[in-house]
Amino acid sequence: MKENSKSAKKILKTAVILLAVLALAVGAWKARFIFNFSDAKIDMFTKPSAKTASVYGSYSVKVQKAASGVYYVKIKDLICDAAPDDDGAPHYFRVDLTLETADEKTAELLKKGEKELTAALRNTMKYLRLRDRNAERIMDYIKDHAERSAERIAGRGSVRGVYFESFLSQ
């Protein structure tokens with residue numbers, strides 16, 4: 001009888017250990033979705049850089065003379081956050097926008113005020129849902145806000161037109 005009792009205890013002990021190992025394995029498997037270890041950079045001999053590159057700062061602004069009395073201020077690759085749709089996933093827009101002005105002085109003023117202009121555009125677009133992106137009223141809404149923001153920088157009537165060169169979403 002004692003022999004049978006010892007083997008039952010051994011089996012019970014082995015079963016408990018296997019359950020504990022199984023619980024740890026399931027916990028580790030679940031944790032891989034919470035923590036992203038592939039992006040982790042662990043290096044104790046290098047200092048973190050003071051300036052980190054951001055996709056939000058990768059846009060470019062340039063002034064282009066199109067014809068006599070026509071200047072374009074081109075904003076390329078502007079990334080703007082969008083409101084999440086029903087799925088809750090984050091979305092963004094990538095926009096190329098052109099502002100038409102009558103003289104070089106106004107175009108240069110808009111180029112100097114690029115931070116204020118892009119911040120106003122991002123602030124306007126962050127409330128747009130991805131499903132609304134193709135609506136004509138939404139495009140007109142964004143153009144209107146871009147024109148008003150540009151006129152705050154360069155003066156009333158300084159912008160002749162606002163054009164989308166591209167409007168991508170994800």
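This is a predicted model: local features need pLDDT of at least 70, side-chain atom pairs count only at pLDDT 80 or more; totals for chains, interfaces and linings use all residues.
1. Overall layout. The protein chain holds 4 helices and 4 strands. Taken in sequence order, these elements give the pattern α-β-β-β-α-α-α-β. Helix H1 covers residues 2-34, strand S2 covers 70-82 and strand S3 covers 91-101. Further along come helix H2 (104-112), helix H3 (114-125), helix H4 (136-154) and strand S4 (159-169).

2. Of the 170 residues in the protein chain, 29% are buried. Among contacts with a separation of 6 or more, 64% are between residues 24 or more positions apart.

3. The nonpolar core. The largest nonpolar core has 29 residues, and the members that touch the most other members are Phe93, Leu99, Leu110, Met125, Ile142 and Phe167. At least two residues of this core come from each of S2, S3, H2, H3, H4 and S4. H4 gives the largest share, with 7 residues.

4. Methionine 125 as an example from that core. Apart from neighbours within four places in sequence, methionine 125 is in contact with Cys80, Asp81, Ala82, Phe93, Val95, Ile142 and Phe167. Phe93, Ile142 and Phe167 are also listed among the core residues that touch the most other members.

5. Salt bridges around arginine 94. The whole structure contains 4 salt bridges. In one of them, arginine 94 pairs with aspartate 77, with 2.5 Å between the closest N and O atoms. This pair links distant parts of the chain, since arginine 94 is in strand S3 and aspartate 77 is in strand S2, 17 residues apart. Both partners are partly exposed: arginine 94 has a relative accessible area of 24%, and aspartate 77 is at 30%. Arginine 94 also meets aspartate 96 in a salt bridge, at 3.7 Å from N to O. Aspartate 96 counts as buried because its relative accessibility is 7%, under the 20% cut-off.

6. Glutamate 100 and arginine 160. A further salt bridge joins the side chains of glutamate 100 and arginine 160, at 3.9 Å from N to O. Glutamate 100 is in strand S3 and arginine 160 is in strand S4, so this pair ties together parts 60 residues apart in sequence. Glutamate 100 is buried, at 12% relative accessibility, whereas arginine 160 is partly exposed, at 49%. As for shared partners, salt bridges join Asp77, Arg94 and Asp96 into one network.

7. Lysine 74, a buried charge to check. Side chains of opposite charge can pair when their charged atoms come close. Lysine 74 is in strand S2, and it is buried without a salt bridge. The nearest side chain of opposite charge is that of glutamate 165, 4.4 Å away. Lysine 74 has no salt bridge with glutamate 165 because 4.4 Å is outside the 4 Å cut-off. Leaving aside neighbours within four places in sequence, the contacts of lysine 74 are Ser60, Val61, Lys62, Gln64, Leu97, Thr98 and Glu165.

8. Arginine 122 is in helix H3. Arginine 122 is also buried and has no salt bridge, and its nearest side chain of opposite charge, aspartate 81, is 7.2 Å away. Not counting residues up to four places away in sequence, arginine 122 touches Tyr56, Tyr59, Leu78, Ile79 and Cys80.

9. A nonpolar patch at the surface. Leu19, Leu22 and Val26 make a nonpolar surface patch of about 290 Å². Leucine 19 is in helix H1. Leucine 19 counts as exposed because its relative accessible area is 57%, over the 50% cut-off.

10. Proline 90. The loop between strand S2 and strand S3 contains proline 90. Proline 90 is exposed, at 74% relative accessibility. Proline 90 and leucine 130 are separated by 40 residues in sequence, and their C-alpha atoms are 9.7 Å apart.

Terms used:
Residues are numbered from 1 along each chain as its sequence is written. Side-chain values use heavy atoms; hydrogens and water are left out. Buried means under 20% relative accessible area, exposed over 50%, partly exposed in between (1.4 Å probe, protein chains only). Patches are made of residues with over 30% relative accessible area and no salt bridge: like charges are joined within 9 Å, nonpolar side chains (Val, Leu, Ile, Met, Phe, Trp, Tyr) within 5 Å. Accessible areas come from the Shrake-Rupley method with a 1.4 Å probe; for residues, only the protein chains shown count as cover. Lys and Arg count as positive and Asp and Glu as negative; His and the chain ends are not counted. Contact means heavy atoms within 4.5 Å. A nonpolar core is a set of buried Ala, Val, Leu, Ile, Met, Phe, Trp, Tyr and Cys residues joined through side-chain atoms within 4.5 Å.
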